[in-house]
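Please walk me through this structure as a tutorial, taking one feature at a time and giving the general idea before the case at hand.

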Amino acid sequence: MIYEVFGGNTHEMTMLLLEAAHVAEGIPSGANIALKPNLVMAGTPESGATTHAGVLSGCMEYFRSYGFRELSVIEGSWVGAQTGRAFQACGYDRVCERYQVPFYDLKKDSTRVVETPLRPMEICERALDADYLINLPVLKGHCQTVMTCALKNCKGCIPDHEKRRFHSEGLMRPIAALAAALRPDLTIVDSICGDLNFEEGGTPVQTNRMYLGTDPVQLDAYGCKLMGLSPEDVPYIGYAERWGAGTTKLADGEIVRLNEPQGSGGYSGGGLVKRLTKNIREDRACSACYASLVRGIYVAQEKGISVPSNIAIGQGWRGREFPGLGIGTCCSGAEKCVQGCPPSADDVVRALEMQQCRRNSGRR
């Protein structure tokens, strides 16, 4: 089961997700709960690189309200970066001080060797010894693995020399093997404004979405759909499934939506986003729908699919006709429409691909 919520207040959205999933009911009293965000580097959440501080504060307030006192934040930034700098850049220092929750830099943590389906691996003890480990990744693109979310975020729980070895081994199989050995009890995905294609941020896409689940493989497969990708585009997902870390299957009814995307929230993106959407006829589009279009166009262009200029999106098109492609239920009056509120980026890619096929057939 995946719980999904839309909005702009990450603190409140996190608490809504936790309450809806009745998370506290499944945790023994007095449990040691560890929160593992994405602090890959000293980049701000607004750049699309790191987990918003409100996700942590929402977790802390929720668990405190249910009487849990043994909370901690654990993370180790990528090789060459100082975790402490990232901790401060993201405002985690203020959150931890407010809720009196300690932070542990996993670069300084002891490790234990754990058997995995690939080989023995060193994993940080604070991650292994947590009674309840909560993974707080960002859904975003990655220049080497195409996307990164729940599975890859666990890489912060290994020492730097293991991280280097992961890269020397090609990343895909080691990430999956780690997932089979260290499976978080819960994952809350920050998909507020993940970067389009780089782990370190810089080209954020405003989605205003978060989602929660217990199966990291399933969450990554769903993230692929939201980004216009197939799980096959991200090989570590398939390896992780084969090694027992979870399943990519997501049946109808397994996504519980807590609310609906709201009207235009002042959608914004970087220069790349502006170039991708320069010819789009946008009229009061909500962030979630617009983000699906942005990611869909990006993936389509990467696949060599041409993108027409007559695309409409937004609530302003509701009830109006449009001689082209409409994105989302509000654009049902378009000549062709990608249904959904919002549709996924995968839906957009398939629609663009079908349009190109029709154009090519007409030329014969």
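This is a predicted model: local features need pLDDT of at least 70, side-chain atom pairs count only at pLDDT 80 or more; totals for chains, interfaces and linings use all residues.

Q: What is the order of strands in the open sheet of eight strands?
A: Strands of a sheet pair through backbone hydrogen bonds, either parallel or antiparallel. Here strands are DSSP runs of E with at least two residues, helices are runs of H or I with at least four, both numbered from the N terminus, and two strands pair if DSSP finds at least two bridges between them. The order in this open sheet is β4-β3-β2-β7-β10-β11-β1-β12, and the pairing is mixed. Because β4 (103–105) and β12 (255–257) each have a single partner strand, they stand at the edges, and one side of each is left without a neighbour in the sheet. From one strand to the next, the twist averages 20°, where axes are lines fitted to C-alpha atoms (for helices over the stretch in contact) and angles run from 0 to 180 degrees between N-to-C directions.

Q: How many bridges join β2 to β7, and what does helix α1 touch?
A: Strands β2 (residues 33–37) and β7 (residues 132–136) run parallel and are joined by five bridges, with Ile33 standing opposite Tyr132 in β7. Helix α1 (residues 10–20) packs on the sheet, where it touches β1 (2–6), β10 (186–191) and β11 (209–213), and its direction makes about 30° with that of β11; contact here means heavy atoms within 4.5 Å.

Q: Is His142 buried or exposed, and which backbone nitrogens does its side chain reach?
A: Buried means under 20% relative accessible area, exposed over 50%, and partly exposed in between, using a 1.4 Å probe and protein chains only. His142, which is found in strand β8 (residues 140–142), is buried with a relative accessible area of 5%. Its side chain reaches the backbone nitrogen of Gln144 at 2.9 Å and that of Thr145 at 3.0 Å. Such a polar contact is a pair of N or O atoms within 3.5 Å; within protein, one must be able to donate a hydrogen and the other to accept it, and residues adjacent in sequence count only if both atoms are side-chain atoms. Not counting residues up to four places away in sequence, His142 touches Met147, Thr148, Lys152, Asn197, Phe198 and Glu199.

Q: Where does Thr116 lie, and what is it in contact with?
A: Thr116 is found in the loop between β5 (111–114) and β6 (121–124), and at a relative accessible area of 12% it is buried. A polar atom of the Thr116 side chain lies 2.5 Å from the backbone oxygen of Arg119. Leaving aside neighbours within four places in sequence, Thr116 is in contact with Met121, Ala177 and Ala181.

Q: Which backbone feature marks Gln100, and which joins Cys341 and Pro342?
A: Most residues other than glycine have a negative phi, and most peptide bonds are trans. Gln100, in the loop between α4 (92–99) and β4, has a positive phi of about 55° although it is not a glycine, and at 62% relative accessibility Gln100 counts as exposed. A cis peptide bond joins Cys341 and Pro342, with omega about -5°.

Note on methods
Residues are numbered from 1 along each chain as its sequence is written. Side-chain values use heavy atoms; hydrogens and water are left out.
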